[in-house]
Amino acid sequence: MKNYLIIGISGFTNSGKSTIATMLSKEICNLDVMNQDLYFLEPDDPAIERDIHGIRNFEKLSALDMERMVQDVKLWIKSKTCNSDSLFILLIEGFLIFNHKELSDLIDHKYFIKITKEICFERRIKRQYIPPDPDGYFDSYVWPWTITNLMAIQDCTDIEFIDGTADLQALYKSILTRIMKIVFIHREKYF
C-alpha cells in the first residue's frame, strides 16, 4: 500500500510556484514542500555553463544539483513508507522538475504554470537574485531557455498545463481543488 503522494508544480520563472506551494502547505495536512531553488549550485561552480563573456546560465539543469534532489526525494519516500493510516504528501516545486527524467518519474501528479513573457519580465525585475541578473539576462537567457525547457516537456501527456495569468488567489484555489480531489481518490483507493 502506497501511503504517500508526490505532486509537482512547475512552470515559468516567477509564475507563482513557490507562493502557491507555501499557501498549500498551510492548507493541507501532512504536506512537505521541496523547493528546487535550494539545489542550485554555488555561483562559482565550474559545472554552471558560461558564455564567452563569462555570464553564467542558471536556466539549465546543469546549474542544479539534481542528483542530490533525487536522493532527497527518495529519502523522503523511504521515511514515509510505513504501516500508517496517514497519507503523506510531498509537493515538489521548481522550474525544471519535469525536465529531469529520474525526478519526473517519481512525481505522481504534475502541474505546469504558464505565464506570458510580459508578466514573467514584470515579476522578475521586482525580485533580487544572488548573483544579480546581468543586463540583458532576461532576453538572452531567461526567456529563450524558458521556451526551450517548455518545448522539451510540452508533449508529455502526464503534465497538466495551467494558465497562470489569472489572479494568484484563483490559481491557488484551482490547484488546491485539483490536489484535494487526488487526495480523496487516493484515500478511497488505499485506506
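Biologist: Which residue in β3 is the bridge partner of Ile6?

Modeller: The bridge partner of Ile6 is Leu90 in β3. The model is a predicted one, in which local features need pLDDT of at least 70 and side-chain atom pairs count only at pLDDT 80 or more, while totals for chains, interfaces and linings use all residues. Residues are numbered from 1 along each chain as its sequence is written, and side-chain values use heavy atoms, with hydrogens and water left out. Strands (E, at least two residues) and helices (H or I, at least four) are DSSP runs numbered from the N terminus.

Biologist: How do you know that β1 and β3 are paired?

Modeller: Two strands pair if DSSP finds at least two bridges between them.

Biologist: What makes β2 and β5 edge strands?

Modeller: The open sheet has five strands in the order β2-β3-β1-β4-β5, paired in parallel. β2 and β5 (159-163) each have a single partner strand, so one side of each lacks a neighbour in the sheet. From one strand to the next, the twist averages 20°.

Biologist: How do you know that the length of helix α2 agrees with its number of residues?

Modeller: The expected span of a helix is 1.5 Å times one less than its number of residues. For the 15 residues of α2 (residues 66-80) this gives 21 Å, and the end C-alpha atoms are 21 Å apart, so the two agree.

Biologist: Which residues of α2 are called buried, and what puts them on the same side?

Modeller: Buried means under 20% relative accessible area, exposed over 50%, and partly exposed in between (1.4 Å probe, protein chains only). Met66, Met69, Val70, Val73, Trp76, Ile77 and Lys80 of α2 are buried. They cover an arc of only 115° around the axis, taken from the directions from the helix axis to the C-beta atoms, which puts them on the same side of α2. Glu67, Leu75 and Lys78 are exposed on the face turned away from that side.

How values were computed
Axes are lines fitted to C-alpha atoms, for helices over the stretch in contact, and angles run from 0 to 180 degrees between N-to-C directions.
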